[in-house]
Amino acid sequence: MAESFFPHLKWEQLWAATQETLYMTALSGAATFVLGILLGLALFLTARGGLFQNRTLYSVISIVVNVFRSIPFIILIVLLIPFTKAIVGSILGANAALPALIVGAAPFYARLVEIALREVDKGVIEATRSMGARLSTLVFRVLLPESSPALVSGITVTLIALVSYSAMAGVIGAGGLGNLAYLEGFQRNHNDVTLVATVTILIIVFIIQFCGDVITSLLDKR
């Protein structure tokens, strides 16, 4: 029955492409979460009024974040080809997409982290500092826990963006559902393949959004 509706679709090919998309999203998402937290903390702590206020350092980090956040992803992939080839050894396949995915998403998430940290009650921060708490205590016991709902909400948005980025990366040979939709669907005029690949991407996005919303609501103490 399914074959009559999707005559050109090979289900094993769809499953392999889905796995590649999930692989790219999961690995780049994990790296983006860590790097975004670090960059966001650096921005928050060195900003005016921060614990380590440093206008020069803040400006440098902010410029780097803004530059990489602003470059269109498809152009970023091309710009990073030499870097990707140097560390991965190839510009094709799911692994080759990871550097561009991380470099493109980490600055985006870093800004969301900075915004989330700014929403933490300054009274709580000052009370913790007045008790002589170390920086590690302030970060891991106050800043990150208090901003956790916003951090989860931010990484949810970022993961959805990464799914979109991975689809774009697939167009130039990174694999995944984007590659399937473009090569097997668009270029061969197999509309059924394009449709199923697109619906699969939407399902992944809906699942990420649902899980993110559930976790955010559980963490939100308000």
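Begin by selecting residues 22–45 in this predicted model. The span is 100% helix and 0% strand, and its end C-alpha atoms lie 34 Å apart. The UniProt record, an unreviewed entry, annotates residues 22–45 as "transmembrane region". The same annotation covers residues 57–81, 87–110, 150–175 and 195–219.

Select residues 150–175 next. Here the chain is 85% helix and 0% strand, with 32 Å between the end C-alpha atoms.

Now widen the selection to residues 18–212. The unreviewed UniProt entry labels this range "domain: ABC transmembrane type-1". The span is 84% helix and 0% strand, and its end C-alpha atoms lie 20 Å apart.

**Two helices in contact**

Display helix α8, residues 135–146, together with helix α9, residues 148–171. At what angle do α8 and α9 pack? The angle is about 60 degrees, and the axes of the two helices are 5 Å apart. Because of this angle, α8 is described as oblique to α9.

Show the side chains where these helices meet. On the α8 side the residues are L144, P145 and E146; on the α9 side they are S148, P149 and L151. Sorted by class, the contact of α8 with α9 comprises four nonpolar residues, one polar residue and one charged residue.

To look around L151 itself, select its contacts. Setting aside residues up to four places away in sequence, L151 touches I37, Y109, V113, A116 and L144. Residue L144 also belongs to the α8 side of the contact between α8 and α9.

**A stop at T84**

Finally, move to helix α5, residues 81–88, and select T84 within this helix. Is T84 buried or exposed? T84 counts as buried because its relative accessibility is 4%, and the cut-off for buried is under 20%.

Then show the surroundings of T84. Apart from neighbours within four places in sequence, T84 is in contact with G89, S90, A96 and P99. For one of these, A96, a distance can be displayed: T84 and A96 are twelve residues apart in sequence and 6.2 Å apart in space, from C-alpha to C-alpha.

Key: Residues numbered from 1 in each chain as written. Predicted model: local features only at pLDDT ≥ 70, side-chain atom pairs only at ≥ 80, totals over all residues. Heavy atoms only, no water. Axes fitted to C-alpha atoms, helices over the stretch in contact; angles between N-to-C directions. Helix = DSSP H or I, 4+ residues; strand = E, 2+ residues; numbered from the N terminus. Parallel < 35°, antiparallel > 145°, perpendicular 65-115°, else oblique. Contact = heavy atoms within 4.5 Å. Nonpolar A, V, L, I, M, F, W, Y, C, P; charged D, E, K, R; others polar. UniProt positions renumbered as here; feature names shortened; annotations may be inferred. Buried < 20%, exposed > 50% of the residue type's maximum accessible area, 1.4 Å probe, protein only.
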